[in-house]
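Here is a short briefing to read alongside the structure.

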Amino acid sequence: MINKHSGEISTMTAIDKPVGHQFALNIRAAFKGNTFRDRQLLVDVVENNKEAPQFSKPLYSFLVFQFEKPGKTIGYLNATDDSKEDYNRQITYEIQEQKYPILSLDKHSGRLRLNDTLRLDLKDINFTVKVSDNGLPSKTAYALVNIKIVGLPELETFCTITKGKTSQICWQNPVHKLNYTYNIEIRNEKYHHRNTVSGGTEHCYNTPLRDSANDSYFYRVQSKFFSEISPYSQWRQAVHMRPDCDKFDQCLIRSPCAHGGTCVSKANNFTCHCTRGWRGETCEGEDTCAHKVCLNNGTCKMTSHNEFKCKCPDGYVGEFCEFSNPCTSIPCQNGAACRIRSNATFQCDCSPGYSGEVCDSLDPCGLKPCKNGKCIAVTEKDFKCQCKSGYTGPLCDVFNFCSLHNPCHNNGTCIPTQKNSYKCKCPTKYRGRNCSYLDPCIAINCQNGGTCHISNITGKHCLCKPGFIGGECQRRDLCYLLKPCKNGGTCIMNDNDTYKCLCVNGSIGGQCQLWDPCISATCPSNKSTGCVRLSDIAYRCKCKAGYTGDLCDLDASGCQFSPCKNNGSCHLAFDTPAGYKCRCAGVYSGIHCDEWDPCTINSCYNGGTCLKLNGGSYTCSCPKGYVGKMCEIELACHKDICLNGGQCLVIYKQHVCVCLENFTGLYCQEEITCQNATCYNGGFCKNNGVCQCLPDFTGEHCETVNPCHSNPCLNGGTCRGTTDGGFNCTCMLSFEGNLCQKKLSVCVRLKPCNNRSVCTPTPSGGFICNCKPQFSGENCTEE
């Protein structure tokens, strides 16, 4: 059961499970009725604890230096538990009481360590240590600890030198005194050795090893000076030249100089001064030269450990300079070199052209003139060469490869060449270095200046001149001759003697002559299905349902039925009853861009405002001071230049004089004399007898009403009267008919279909392009 307040778990009945059984308890902690955390607790059934732990000894004594630094390990306490169960054998150390809390004890390892600086008045420290096991119930044991504070520090600098079965242990004392007493202790698994010696600050101790030199030995040393004593050093393993040998006097620890040599210490090294007859770094090499082995005043020099060499004076030779030099008398003639034999005789090495024991005879073969043959002396000055097979010439220096054997097959002719080689001149139909192969070019006819060249490619055996291709150069290379592909396109010849262009960098068309702005278009994939090329620089995105605009970036929920005509674009507008507005293109206007707007191509001058009229015509509302259909006439002139009562007007920024009916001329300076000329309906006679009619009339005497006065031409057409009283209409680009009443289709106006495709208008004002077989796309621009 568990106490719900304290969390204490206890048994309600006796445990009837065997040792090793495990109970799993699910425990939930709650705070004010709310679940706080769930945990599982495992309870093991264990054996009753029967054995108590025991210390290895009841009293532990340690020494520590008065001025030891904090952190120093003083020693270890050791206790064991003989319980069979692992959990019962687990022990924990604890200091029971400590008058001066400057020590710490590791509860698991029993290591005792100094944590603070020692007080100068302390001489020793005593306390009790308890050890407890982990059994149920827990059992304990106690031990006493005495720490004596001493005046000498622990030795820390050591060097071990092992020679055969002898070990030398050296140490340095950090406190410099004249003489110390040292307690040394050496042990291994088989024996334990103790001794006391006297020595100075730096001292070495030699001890024989009872076992082989490969066994492991450990040592420690304690120093004493009168009543002062130091703690024992840490146990160290005896390892040759370890651990601090570079800090010692090398002559002391090594005694390196053999055969009575004198050792002189240097920084981390030594030098030996050897006695007579010995040499080397440690005087172990015998100095043979010290015994005067060289005769006849020869100079002795040691060349290695036990070897020497005598340098003989002139006139003597031999290993010990024991022989007279036979070459001293210069027996060899004609520049020959004299060489001494091992038996103290001489041999002459003759110069080229001489022979004989002392080189006193001429030898024409001495220069070995025959390169590839035997030299035969004919006289003292003449010779002849007997050449080896395959060589010829006076000196046998010409190799005739063809004379040994003919390597050229199929009746080929062998011709010797330089560098001792050959070449074969092959008959017709054969080729190769040795004329071994039939020449396949015999059956190949390379046309248009091509040359035969056998390759591993089937049917490709001719090297063609530029402008020709094919296995026999029989086809014209249109790509080379025409260079048809523009804008960096790559030309590739087809098998049917046509070519195609592989376009790059956005160019399109059969010759890459057009640009496709769709290459760099930014049509969003989630709103569009692709791009439509309109021109070399313009494009439009194909919008998915619910989107509109050139880039499909507008919501077209009100534009789903494409209400905007004549290429107008639909845009969402919540302030309109329809929920959208049409943005018209070109000369169109109206709610659905289905009305012709002449004001888009007709401008009113001098600040006039264009007003659209029914039927496709327009009028200009002129500002004050201007008149005319397009407000092109200014009513007042700044200069009084018109004569005879003429009125000055400014028309298209030019001064014009409107004269009275009896005057004419640029400035109304000429009087009109009309005879037998009557002008009706307000017309007036000009000086030449011609009537000048008002705008609403026409005819020779202004007797006929002007047919264009009622603006009969529709949709912005321009009316022109005819001589027979009729009129003609000049239509705007988008209309046709005698009154400009017929609207041209989008196919005629925009010509949207490329590459000779056929354009068909649709009833909704759109178009369909019927592309040629090799083209596709809305405007037939995609190959």
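This is a predicted model: local features need pLDDT of at least 70, side-chain atom pairs count only at pLDDT 80 or more; totals for chains, interfaces and linings use all residues.

The protein chain is divided into domain 1 (54–150), domain 2 (158–247) and domain 3 (248–287). A search of the whole structure finds eight aromatic pairs, and W171, Y180, Y182, F225 and F226 form one aromatic cluster. Some backbone details may also interest you, including a cis peptide bond from L136 to P137 and a positive phi at C396.

**Domain 1 and domain 2**

- The C-alpha centres of domain 1 and domain 2 are 28 Å apart.
- Contact between these two domains involves six residues of domain 1 and six residues of domain 2.
- Together, domain 1 and domain 2 bury about 380 Å² between them, and 65% of that area is on carbon and sulfur atoms.
- On the domain 1 side, L63, K72 and V150 lose the most area to domain 2, and together they account for 80% of what that side buries.
- How many salt bridges are there between domain 1 and domain 2? The count is zero.

**Aromatic rings**

- The search of the whole structure gives eight aromatic pairs. In the pair of F65 and F67, the ring centres are 5.7 Å apart and the planes meet at 70°, so this pair is edge-to-face; the cut-off for that label is over 60 degrees.
- Are F65 and F67 buried or exposed? F65 has a relative accessible area of 14% and is buried, whereas F67 has 59% relative accessibility and counts as exposed.
- One aromatic cluster is made up of W171, Y180, Y182, F225 and F226.

**Charges over rings**

- R220 lies over the face of Y232, at 4.1 Å from the ring centre.
- K483 is placed over the face of Y480, and here the figure is 4.6 Å from the ring centre.

- S223 belongs to strand 17 (residues 218–225). With a relative accessible area of 0%, S223 is buried.
- Setting aside neighbours within four places in sequence, the contacts of S223 are L152, P153, L155, N173, Y180, T181, Y182, E228, I229 and S230. Y180 and Y182 in that list are also members of the aromatic cluster.
- V197 is part of strand 15 (residues 192–199). Its relative accessibility is 15%, so V197 counts as buried.
- Which residues does V197 contact, leaving aside its neighbours within four places in sequence? They are W171, Y180, T181, Y182, H203 and Y205; among them, W171, Y180 and Y182 belong to the aromatic cluster.
- V197 and I149 are 48 residues apart in sequence, and their C-alpha atoms are 23 Å apart in space.

**Cis peptide bonds**

- The peptide bond from L136 to P137 is cis, with omega near -5°. P137 is located in the loop between strand 10 (124–133) and strand 11 (140–150).
- The bond from R242 to P243 is cis too, with omega near -5°. P243 is found in strand 20 (residues 242–243).

**Positive phi in residues other than glycine**

- C396 has a phi near 55°, a positive value in a residue other than glycine. C396 sits in the loop between strand 35 (391–392) and strand 36 (398–399), and at 0% relative accessibility this residue counts as buried.
- N755 has phi near 55°, again a positive value in a residue other than glycine. Its place is the loop between helix 5 (746–750) and strand 73 (758–761). With 22% relative accessibility, N755 counts as partly exposed.

- C424 lies within strand 38 (residues 421–425). At 15% relative accessibility, C424 is in the buried class, for which the cut-off is under 20%.
- What does C424 touch, not counting residues up to four places away in sequence? The contacts are P407, C408, T413, R433, N434 and C435.
- The C-alpha atoms of C424 and G412 are separated by 6.0 Å, and these residues are 12 residues apart along the chain.

Conventions:
Residues are numbered from 1 along each chain as its sequence is written. Side-chain values use heavy atoms; hydrogens and water are left out. Rings of Phe, Tyr and Trp (its six-membered ring) pair if their centres lie within 6.5 Å; planes under 30 degrees apart count as stacked, over 60 as edge-to-face and the rest as tilted. Buried means under 20% relative accessible area, exposed over 50%, partly exposed in between (1.4 Å probe, protein chains only). A charge sits over a ring if NZ of Lys or CZ of Arg is within 6 Å of the ring centre and within 35 degrees of the ring normal. Helices (H or I, at least four residues) and strands (E, at least two) are DSSP runs, numbered from the N terminus. Contact means heavy atoms within 4.5 Å. Domain bounds come from an automatic or database domain assignment. Buried area is the accessible area (1.4 Å probe) that two parts lose on being put together, summed over both. A salt bridge is a side-chain nitrogen of Lys or Arg within 4 Å of a carboxyl oxygen of Asp or Glu.
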